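These are my notebook entries on a structure I looked up. I went through the chains in turn and wrote down what I found.

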Amino acid sequence: MIEVKNLTFSYRKDKQVLHGLNFTVGDGEIFGFLGPNGSGKSTAQKILTGILKGHGGYALLFGQDISTAHTQDFFSKIGVLFEFPYLYANLSAVDNLKYFSSFYPAKQLRDIGEILEKLEFKADFMKKPVSSYSKGMRQRVSMARALISSPELLFLDEPTSGLDPSGAVLFRKIIEEERKKGTTVFLTTHNMLDADLLCDRVAFITNGNIVALDTPKRLKEQNSHYRVQIEYMYQGRREEKTIEIPELEKGIPFRHDEIISIHSEEPTLEDMFIQYTGRGLS
Amino acid sequence: MWKNFCSLFRKDCQMMLDGKFFLVTFGSLMIYTLFINFGYVNFMNAELYNVYLFDPQGTQQGISELIAPVTSLEELNTVLSEDVNGVGIDASSGTPDIVFYFGSEKADHHRADYALSLLRQDKQYTARTVGTNTPELKKRKEMSCELLFIEIIAVGFLGIASVLFKEKQMGVIRVHAVLPFNKSLFIVSKIMVFLLSDLIFAGWMTVLNIGFHDAAGILPNVLVQTAILSLIMSLTGFGCTLLLKDFRQFSLVYLVIAIFAAAPVFLSANTSVKMAWIDWHPFYHVYMGLKNACFGVPVTNPVYYLCSVCGIVILFQIVQTAFHKEMGKEG
C-alpha cells in the first residue's frame, strides 16, 4: 500500500527535517509511526497525504508515485484524522459530515447516523452546533469524518487524544474493525498503549530518522532481560526476588509459603523507544 | 466540479449568514440610502458652479453664456473670495488657467472640467457629460460612487477576513487539503460569494440613490467596475488573512490600505490636491472607472481592462500560494 524510499524533506535549505526514511506498509496493516514532537512524523504524514510538496526520494501509494498521485481519485481513497478535531464550530455534527462527505462519490459514502451511532455519539447533540461539544465529542465527529468515505487507507494522528478511557477503547475497537475490512491504517501517535495494542509494526522516528522498525512484540523481546520478579510470603514476611526465566523450568527455586505475584521484566514499548532514541515521548 | 463548487458556495453563504455579514451589508445600504436621500441631497444644496473668465485680449471664442466675464485679476480674486464654490479662468496669457479661491478646500477636478467645458463647448470634455446632469443628480451620483467605493474597499475587505479568520482558527482549511476536489475552487467560491454580494449591493445602491430611470443606463458599466474592484479587494483580503497571524495584524494592514490606498485617491479625485504619482496608483484608475461609469462615461481603454485582469490573475496566484502554505501548517 505504501512504499517509501529515502524520503527527505526540508522546510528551508538549512532545516532538513527528514533524512531519508525507508519503510513499507502492507495492505490491511496497521502501521505505527512513533516519535516525539518535532521528530518529523507529521511532516512525513503530510507528504504522504499530499499536503506538503517538494520532497526528496520517492514514495509509492496505491502503487503510484506520490509526486503525481495526489489527484481527486487519490483523495477519494484516503481518510485523514488530524491531531486536532478540525470542524465548523457553527455547524452541527450532521451538517459538518454532510458538507465534508459531499465531495466524495455517493456510492462510497456511509450513513451519517449509523456511523455516529457506532462512535457512541450522543444523539441529542447531533443537530447542535459543534461549539457546544466536549473535546471527546468533537474527536468522535472528526473520526466519523475520516471514516465516512469508506477509505482504503486511513491516516490517523493521535486518534485517542481527548477521549476518556472507554472512548479510547471504543476507538481502538473501531480501528481494529476497519483493519478487518481490509483498510490500511497509518497511525501517528505518542500513545504507546495504542501502538502496542493496535499496530502490526511500529517505526520509531527521531530527528527525521527511523531508528527502529519491527513488531511491538519483537522490539520488546529483542531487548528483554528474560527475568521475572516474584513477590511471595515466607514465614509471615512479604519478600521479593528477581530470577532468570530458565530458572523457573524446575519450579520456584526458593523457599516460600505463598506466591503473591509474578511479573515479567519485559520492557515496555516506551522503554524501547527511550532506549533507541534517547528521548522520551513528550 | 460543479457539485463541489455548489457545496463550497452553500457553506460560504452559510458562514456569511452566521457571521451576520449580509446584515451588515444590508445595514450599510440602508444607512447610505437614508444619508443620500434625506441628508446629503437636502442639506448640501447643490447648485451649478459659477464660472468667471478674465480674458482681456478676447482669446477664447465660442464660450458658454453661463460664463461671467470679469475685467481684471483683482475683480476675479474678489469675486472668487465671495463665491468660494466658483471657478475662475485666467486667460490673460492666451492659455486658460483654472483659478480657485485660495482658501477653498472644496475645489475638485470636476469643477475644473466643468469650467473648461463651458469654455470650449465644441471640444471633448467628460465634464460636458457631467454638465448634462442636474445638480441634484450629480450630487447623488458623486456620493453613491464614493460610498460604493468605500463599501467595497472597507466592508467587503473586512467581510472576507472575518469569515476566513474563523475558518483559519477552526483549522478546517487543513481538512480541505485532503478532500477530493480542485483546491482553487475553495478560493473561487469565496470570491464569488463576495462578488455576488457586492454586485447586488452596487445594483441596489445605484437604483435607490440615482433612481431607476437614470440607473438603468449606467448600471451595466457600474457593475463591471464594481466587479473589478470587488475581485481585487476580496483577493487582497483573502491573501492578507492567510498571510497574517491574527485579526489584530489584519486591522493594521487595513489601516495602511485605508490611508495609503483610499485616501490619496479621494484627495486626488475630489479635491485640488495634486499628486504627480497618482497616475501610478491602481485604485485611482479603478475609482475613476467607477466614477465615470456612474456619470455614464464607460472606460473604453483596453489597457485599463488588461491591467485589471493581470492584477486579478496575479493576486489569485498569490492567494493560491498562500492557501497551499496555510494547508500545510501545523495545528
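**Entry 1: Domains**

I began with chain B, where the C-alpha centres of domain 1 of chain B and domain 2 of chain B lie 37 Å apart. I note at the outset that this is a predicted model. I then looked up the bounds: in chain B, domain 1 covers 2-41 + 135-327, and domain 2 covers 51-132.

**Entry 2: Chain B overall**

I looked up the secondary structure of chain B and found 12 helices and four strands. The chain has 331 residues, of which 35% are buried. I also checked the contacts in chain B with a separation of 6 or more: 70% of them are between residues 24 or more positions apart.

**Entry 3: A helix pair in chain B**

I next asked at what angle helix α9 and helix α12 of chain B pack. Helix α9 of chain B spans residues 212-243 and helix α12 of chain B spans residues 302-327; the angle is about 25 degrees, and the axes are 9 Å apart. Angles under 35 degrees count as roughly parallel, so α9(B) is roughly parallel to α12(B). The crossing of α9(B) past α12(B) is left-handed.

I listed the residues that make this contact. On α9(B) they include Ile228(B), Leu231(B), Ile232(B), Leu235(B) and Phe238(B), as well as Gly239(B). On α12(B) they include Gly311(B), Ile312(B), Leu315(B), Phe316(B), Val319(B) and Phe323(B). I also recorded Thr236(B) on α9(B) and Ser308(B) and Glu326(B) on α12(B) as part of the contact.

**Entry 4: A helix pair in chain A**

I turned to helix α4 (residues 93-101) of chain A and helix α6 (residues 135-147) of chain A. Their axes come within 10 Å and cross at roughly 25 degrees. By the cut-off of 35 degrees, α4(A) is therefore roughly parallel to α6(A). I recorded the crossing of α4(A) and α6(A) as right-handed. The residues that meet are Ala93(A), Asn96(A), Leu97(A) and Phe100(A) in α4(A), and Val141(A), Ala144(A) and Arg145(A) in α6(A).

**Entry 5: Strand β8 of chain A**

I asked how many residues of strand β8 of chain A are buried. Six of the six residues, 184-189, are buried, so β8 of chain A is largely enclosed by the rest of the structure. I then sorted the residues of β8(A) by direction. Thr184(A), Phe186(A) and Thr188(A) point one way, whereas Val185(A), Leu187(A) and Thr189(A) point the other way, and all are buried.

I looked up the partners of this strand. Strand β3 (residues 30-34) of chain A runs parallel to β8(A) and is joined to it by five bridges; here Gly32(A) stands opposite Leu187(A). Strand β7 (residues 153-157) of chain A also runs parallel to β8(A), with five bridges between them. In that pairing, Leu154(A) has Val185(A) as its bridge partner.

**Entry 6: A hairpin in chain A**

I examined strand β1 (residues 2-12) and strand β2 (residues 15-25) of chain A, which run antiparallel and are joined by eight bridges. β1(A) and β2(A) form a hairpin with two residues between them. I noted His19(A) in β2(A) as the bridge partner of Thr8(A).

**Entry 7: A three-stranded sheet in chain A**

I asked in what order the three strands of the open sheet in chain A stand. The order is β12-β11-β13, and the pairing is antiparallel. The edge strands of chain A are β12 (237-244) and β13 (258-264), each pairing on one side only. From one strand to the next the twist averages 20 degrees. I counted six bridges between β11 (residues 227-234) of chain A and β13(A). Within this pair, Val228(A) stands opposite Ser264(A) in β13(A).

**Entry 8: Where the chains meet**

Finally, I looked up the contacts between the chains. I found 18 residues of chain B in contact with 23 residues of chain A. On the side of chain B that touches chain A, the elements giving two or more residues are α1 (2-18) and α7 (172-176) of chain B. The largest share of that side, four residues, comes from α1(B).

How values were computed: Residues are numbered from 1 along each chain as its sequence is written. Chains are lettered from A and ligands numbered from 1 in the order in which they are written. This is a predicted model: local features need pLDDT of at least 70, side-chain atom pairs count only at pLDDT 80 or more; totals for chains, interfaces and linings use all residues. Two strands pair if DSSP finds at least two bridges between them. Axes are lines fitted to C-alpha atoms, for helices over the stretch in contact, and angles run from 0 to 180 degrees between N-to-C directions. A residue is buried if 20 or more other C-beta atoms lie within 10 Å of its own, exposed if 12 or fewer, and partly exposed in between; C-beta atoms are placed from the backbone. Two residues are in contact if their C-beta atoms, placed from the backbone, lie within 7 Å. Angles under 35 degrees count as roughly parallel, over 145 as roughly antiparallel, 65 to 115 as roughly perpendicular and the rest as oblique. A crossing is left-handed if the near helix is turned anticlockwise from the far one by less than a right angle, and right-handed if clockwise. Domain bounds come from an automatic or database domain assignment.
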